Amino acid sequence: MKSLLSSFVEASPLLSSIYRRYLGDREARLAHAIERMQRHISAGRYGKARRIQKCVELRFGVAISAEARIGKNLQMPHPIGVVIGRGAEIGDNVKIFQNVTIGRKKEACPKIGSGSILYSSSIVIGNIEIGENCIIGANSVVTKSVPSHTTVAGNPARVIVKSGRGP
Ligand SMILES: CC(C)(COP(=O)(O)OP(=O)(O)OC[C@H]1O[C@@H](n2cnc3c(N)ncnc32)[C@H](O)[C@@H]1OP(=O)(O)O)[C@@H](O)C(=O)NCCC(=O)NCCS
């Protein structure tokens with residue numbers, strides 16, 4: 001019965017949107033709010049995008065600039081304390097854990113490649129590029145670009161796995 005109901009909800013974009021907006025768990029509701037914010041930005045409706053930005057800050061304790069570009073399917077398993085600054089660019093299928101900061105340094109913000117994972121409390125700042133499928137270890141401070149398929153950790157971050165996805 002439950003799977004019948006969920007397949008019914010998934011088949012309808014409207015029902016699915018209502019479910020994710022009001023009934024889903026924290027992660028689903030946040031993901032839905034971010035998608036709406038991005039849609040408003042793409043359509044040039046910056047006022048609406050900023051209103052959602054404020055709601056997200058109040059409800060989730062997550063600060064995502066309305067001027068950040070977020071790709072599809074951003075995942076935040078524990079959505080709290082995350083800051084994504086103005087001008088940041090996040091690819092598709094990126095996973096961001098609690099208390100991560102993607103921030104500006106000298107007015108420039110990082111680009112995060114698709115499929116990357118930023119573990120808890122990591123800080124990525126400045127005019128740098130994190131490649132695709134990278135892993136940023138917990139508590140790392142990253143101020144230099146990281147090539148694709150690389151795991152970095154520590155402060156300052158150093159490469160610990162050069163190719164492959166890591167764990
Ligand atoms: C980055 C990470 C994925 C690497 O895992 P791994 O590939 O298994 O790496 P290892 O544990 O074999 O460690 C390799 C080396 O990197 C160091 N290292 C690993 N993670 C580190 C980190 N976050 N900060 C500093 N050094 C780290 C290890 O001490 C080890 O150093 P050594 O070679 O001098 O002994 C993992 O350590 C990590 O940070 N995971 C985050 C988990 C997390 O945030 N979970 C929260 C979920 S809510």
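## About the model

The model is predicted, so please keep its rules in mind: local features need pLDDT of at least 70, side-chain atom pairs count only at pLDDT 80 or more, and totals for chains, interfaces and linings use all residues. Residue numbers start from 1 along each chain, following the sequence as written.

## Helices

Helices here are DSSP runs of H or I with at least four residues, strands are runs of E with at least two, and both are numbered from the N terminus. Helix H1 covers residues 2-11 and contains Leu4. Leu4 is exposed, with 8 other C-beta atoms within 10 Å. On this scale, 20 or more other C-beta atoms within 10 Å of a residue's own make it buried, 12 or fewer make it exposed, and anything in between is partly exposed, with C-beta atoms placed from the backbone. From Leu4 to Ile52 the separation is 48 residues in sequence and 32 Å in space, C-alpha to C-alpha.

Further along, helix H3 (residues 26-42) and helix H4 (residues 46-60) have axes that come within 8 Å and cross at roughly 160°. Axes are lines fitted to C-alpha atoms, for helices over the stretch in contact, and angles between N-to-C directions run from 0 to 180 degrees. H3 and H4 are therefore roughly antiparallel to each other, a label for angles over 145 degrees, while under 35 is roughly parallel, 65 to 115 roughly perpendicular and the rest oblique.

## The five-stranded sheet

Five strands make an open sheet with mixed pairing, in the order S5-S8-S11-S13-S14. Strand S5 (95-96) and strand S14 (158-161) are the edges; each has a single partner strand, so one side of each lacks a neighbour in the sheet. Pairing requires at least two DSSP bridges between two strands.

Strand S13 (residues 151-153) runs antiparallel to S14, and three bridges join them. Across this pair, Val152 stands opposite Val159, and Thr151 stands opposite Val161. S13 and S14 form a hairpin with four residues between them, and Gly154 in the turn has a positive phi of about 100°.

## Positive phi in two loops

Most residues other than glycine have a negative phi. Ser121, in the loop between strand S8 (117-118) and strand S9 (123-125), has a positive phi near 60°. Asn133, in the loop between strand S10 (129-130) and strand S11 (135-136), has a positive phi near 55°.

Are these two buried or partly exposed? Ser121 counts as partly exposed, with 16 C-beta neighbours inside 10 Å, whereas Asn133 counts as buried, with 20.
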